[in-house]
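Here is my notebook for today, with charged side chains as the topic. Let us look things up together, one entry at a time.

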Amino acid sequence: MVFVRHVSRREFLKRTGLAGGGLVLGLHLRELSETWEVTDQAYAQDISSFPPNVFLAIDVDGTTTIWVSRSEMGQGTRTGMPMIVAEELDADWDSIRILQGDADEQYGHQLTGGSLSTRLMWDPLRRAGASARWMLREAAAQSWDVPRAECRTENGAVLHDASGRRASYGELTEAAARIPVPQEPPLKAPDSYRLLGTAKPRVDVPDMVRGAAVFGCDTKVDGMVYAAIARCPHYGGRVGSFDDSKTRAIDGVLDVVTIEGTQQRMPRPDGVAVIAKDTWTAFAGVRALNVEWDTGPHVGESTDDLRRRFRELAREGGEVVRDDGDAEAALGSATTVVEAEYELPFLAHAPMEPMNCTVQVKDGRCEIWTPTQNPQTVQRAVAQLLDIPQNNVTVHVTLIGGGFGRRLYPDMEMEGALLARRIDVPVMVVWTREDDIRHDRYRPASHHVLRGGLDANGLPIAWQWHIINTHTDRFVPEDFPAHSIANYRVHYTHVPWILPRGAWRATTHSQNPFVIQSFLDELAVAGGYDPLELRLQLLRQGRRPDGEDPLYRHDRMIRVLEQVGDHASWGGPLPAGVGRGVSFNYCYESYVAQVAEVRMDSEVPRVERVVCVVDCGQITNPDLMRAQIEGGVAFGLSAALLQQITVKDARVEQDNFHNFKVLQASLMPRVESHIIMETARPGGLGETPLTPIAGAVGNAIFAASGTRLRQLPLSPT
């Protein structure tokens, strides 16, 4: 639920640091549950006592400013969100600007992840624009002494066709500011949208092209110095001793200090920091250090040992987390039983902009400039670390050069705070690529044991699945094929391990769909069914009980699958050595299906074409959406074909793009994106498109070669 009220210019100036416009509206958005209901009904009793967490200001020159709290990391937030406001406001698109908010508890959570930005802000931004438009029309109607119904809005102005009068929003703002704010302003019907659904260019591209956009690494603060850190490469290890004589001899090195690590909730390794006049010198100083590491208690551990542990646990049962029907009995009576084991490795995030932050600690206060997805966690963690009030920590959010979940964690800002407190000047901490890959919060490794039962007609009647995972929460109980196979049982086993784990783009949905969609193909082959037709048949017979995942719609998923088959010419002829594979997924309130075409080139898979159909509800900007689809496919293909993190002696073996590869442009397939026009509320798209790609490619490899690959990365060896 959203509440709107006037904000005084003084309050606006205090909270935003900007001069207030003629009309300033403050909105307060309550935390919403997964079903989008207000979680605190008592809130409605006195809305004036709650501070706004979204501002909309229309200045006397007609400029419309929106001040919001979500981070921009390539998904187009600073274009898509203004389009929502501008649509309801009937504003001149060129007059809209958006400003980034600092960390502040008034916002509720500011985390940018889970494809939440548009989903969460859709209603409040529409309400803000509609409220302002209603007030501007009323101001014009009162000024002209005509009924408000006779006034219409268009491109930043109010018009009265009968008299030919026209007033710009800038001319009306001061009068509009004296009109009561409507709490239930009429919202536009989707068929009247003139801006939403059109391909507006990203507003931040010009600054990026000319180098004016400010990412974390572009931060400049008077008097700042730079730091690089040699971190213990062995997880659980410590600094033993070090010789910094060669480092201190380098011109431009200012100091060498130690940083104590922690293995608590937000772990960070022990390290030795080199403070220098620039990053190049800091990096050179780290290379010149002679550090003796205490390798710690885990030095003998490796991912080979972990995989053996997986296979041991595969023979045991786990905690039952879903149990529909009687899977064991159905397997016992099945005409055919199919068994398989799948495995997925640890993965690093590897964003293009390395980890960095700039921190100043002075007079009991801390100021941070950082490309973070989670500014309030940074604020809380640093306040606790420095033992100062949380309100004494200011977090400025810069543009983010790739996040994918890595920048949800405050380890780099905590390092920066420790160093800034010690040296008493602003310091920018910059990680190298090697630091980034060897000290990540990795996507968990997992092992999956599956048994499926088919009846005499080749249809699945039982599905039993044991998930063994290094994370505690890597299963969505309502995921397909729940409710499509009557006898459905899932076991779960958690395996603690030494690597720190974290959110990796699409989290659970970056792993489980590969397993589900691959094993579904195995069942289709065993039962003599076309893989696409089997999926459609299961969806058509599937129904979810009332009250369980109410946002999921089988009919929308069926439509996406049918359309991807049509666009990909499913069942049509293909050249020799080329196979097609299909996969689908539902996540973040969006539906996606993909068909991959793969050519086997000397037993090496080459993805040549990916057809993707998405239904994510109301379209904001199709260009932004296609960019997310293409980027998601590329990101997912890197993980599916090329990437894994392995450990030996408690040390990550990969350290740069030569051994943790990303998809090169020469290997990028042709991606055909098809977006279904829907009027439902928007779903998420920042993570959704990567979720089916590993399954689609694995299934296409089987279709082309007859070889079923059950381990990522997909490689015949």
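How many salt bridges does the count come to? I worked from a predicted model, and the count comes to 47 salt bridges.

Entry one. I looked up aspartate 655 and found its side chain in a salt bridge with that of arginine 438, at 3.4 Å from N to O. Aspartate 655 sits in the loop between β27 (651–652) and β28 (670–675), and arginine 438 in helix α12 (residues 433–438), so this pair ties together parts that are 217 residues apart in sequence. I noted aspartate 655 as buried, because its relative accessible area is 17% and the cut-off is under 20%.

Entry two. Next I checked glutamate 522, which forms a salt bridge with arginine 710; their closest N and O atoms are 2.9 Å apart. Helix α13 (residues 512–527) holds glutamate 522, while arginine 710 is in the segment after α17 (693–705), so parts 188 residues apart in sequence are tied together. Glutamate 522 is buried at 10% relative accessible area, whereas arginine 710 is partly exposed at 31%.

Entry three. I then turned to aspartate 623 and arginine 626, whose side chains meet in a salt bridge of 3.9 Å, N to O. Both lie in helix α16 (residues 622–641), three residues apart, or about one turn of the helix.

Last, I visited aspartate 102, in the loop between β5 (96–100) and α3 (117–144). Its side chain makes a polar contact of 3.1 Å with the side chain of histidine 396. I also saw that the C-alpha atoms of aspartate 102 and valine 397 are separated by 6.1 Å, though these residues are 295 apart along the chain.

Terms used: Residues numbered from 1 in each chain as written. Predicted model: local features only at pLDDT ≥ 70, side-chain atom pairs only at ≥ 80, totals over all residues. Heavy atoms only, no water. Helix = DSSP H or I, 4+ residues; strand = E, 2+ residues; numbered from the N terminus. Polar contact = N/O pair within 3.5 Å; in protein donor to acceptor, adjacent residues only side chain to side chain. Salt bridge = Lys/Arg side-chain N within 4 Å of Asp/Glu carboxyl O. Buried < 20%, exposed > 50% of the residue type's maximum accessible area, 1.4 Å probe, protein only.
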